[in-house]
Amino acid sequence: MSAALLEIPLSVGQQKCDGACPAPALVRVTKDGQVLDFCGHHYRKNDVDLFAAGWDVLEDVRPIGPDTTTIG
Ligand SMILES: [Zn+2]
């Protein structure tokens with residue numbers, strides 16, 4: 001087994017939103033080795049700024065259709 005596997009973070013669906021809300025994260029973005037996880041609400045709120053700053057979507061597990069996970 002490769003030690004590199006240990007460095008893979010948990011799936012985005014097992015994380016909490018980094019947008020200071022208790023919702024489960026649904027979208028993971030990455031830039032220069034950094035990772036941020038957002039719920040659907042905070043991802044939509046920040047996506048323009050994230051892309052402008054060079055962040056790329058690494059994982060997006062949002063269900064198709066209206067976002068029903070929004071808390072904050
Ligand atoms: Zn959030």
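**Sheet, helix and core: a working chat**

A: Starting point, and bear in mind that this is a predicted model: Val27 has Phe38 as its bridge partner in strand 2.

Q: What else does Val27 touch, leaving out residues up to four places away in sequence?
A: Val27 touches Val12, Phe38, Gly40, Tyr43, Val57, Asp60 and Arg62.

Q: Which residues make up the largest nonpolar core?
A: There are ten: Val12, Cys17, Ala25, Leu26, Val27, Val29, Leu36, Phe38, Cys39 and Tyr43. Strand 1 and strand 2 are the elements that give two or more residues to this core.

Q: What holds paired strands together, in general?
A: Strands of a sheet pair through backbone hydrogen bonds.

Q: How many bridges join strand 1 to strand 2?
A: Five bridges join strand 2 to strand 1 (residues 27-31), and the two run antiparallel. Within that pair, Thr30 stands opposite Val35 in strand 2.

Q: And how many residues are between them in the hairpin?
A: Two residues lie between strand 1 and strand 2 in the hairpin. Asp32 is in that turn and has a positive phi of about 55°.

Q: Is Asp32 buried or exposed?
A: Asp32 counts as exposed, because it has 6 C-beta neighbours inside 10 Å. The cut-off for exposed is 12 or fewer.

Q: Where else does a positive phi turn up in a residue that is not a glycine?
A: At Ala20, with a phi of about 60°. Ala20 is in the segment before strand 1. Ala20 also counts as exposed, because it has 8 C-beta neighbours inside 10 Å.

Q: What about glycine? Which one has a positive phi just after helix 1?
A: Gly54, where phi is about 95°.

Q: On to helix 1. How far apart are its end C-alpha atoms?
A: The end C-alpha atoms of helix 1 (residues 40-52) are 18 Å apart. That agrees with the span for 13 residues at 1.5 Å a residue, which should be 18 Å.

Q: Where is the kink in helix 1 centred?
A: On Asn46, and the kink is about 55°.

Q: Which residues of helix 1 are buried?
A: Gly40, His42 and Tyr43 are the buried residues of helix 1. They pack against strand 1 and strand 2. Tyr43 is also one of the residues in the largest nonpolar core.

Q: And Lys45, where is its place?
A: Lys45 is in helix 1. With 14 C-beta neighbours inside 10 Å, Lys45 counts as partly exposed. Lys45 and Gly19 are 26 residues apart in sequence, and their C-alpha atoms are 9.6 Å apart in space.

Q: Change of topic: is Arg28 buried or exposed?
A: Arg28 counts as buried, because it has 24 C-beta neighbours inside 10 Å and the cut-off for buried is 20 or more. Arg28 lies in strand 1.

Q: What is Arg28 in contact with, leaving aside neighbours within four places in sequence?
A: Arg28 is in contact with Val12, Val35, Asp37, Leu58 and Glu59.

Q: Last one, for the whole protein. What share of the residues is buried?
A: Buried residues make up 19% of the 72 residues. As for contacts between residues at least 6 apart in sequence, 48% of them join residues at least 24 apart.

Notes. Residues numbered from 1 in each chain as written. Predicted model: local features only at pLDDT ≥ 70, side-chain atom pairs only at ≥ 80, totals over all residues. Contact = placed C-beta atoms within 7 Å. Pairing = 2+ DSSP bridges. Helix = DSSP H or I, 4+ residues; strand = E, 2+ residues; numbered from the N terminus. Core = buried A, V, L, I, M, F, W, Y, C linked by C-beta atoms within 7 Å. Expected span 1.5 Å × (residues − 1). Bend = angle between axes of the 7 residues up to and from the residue.
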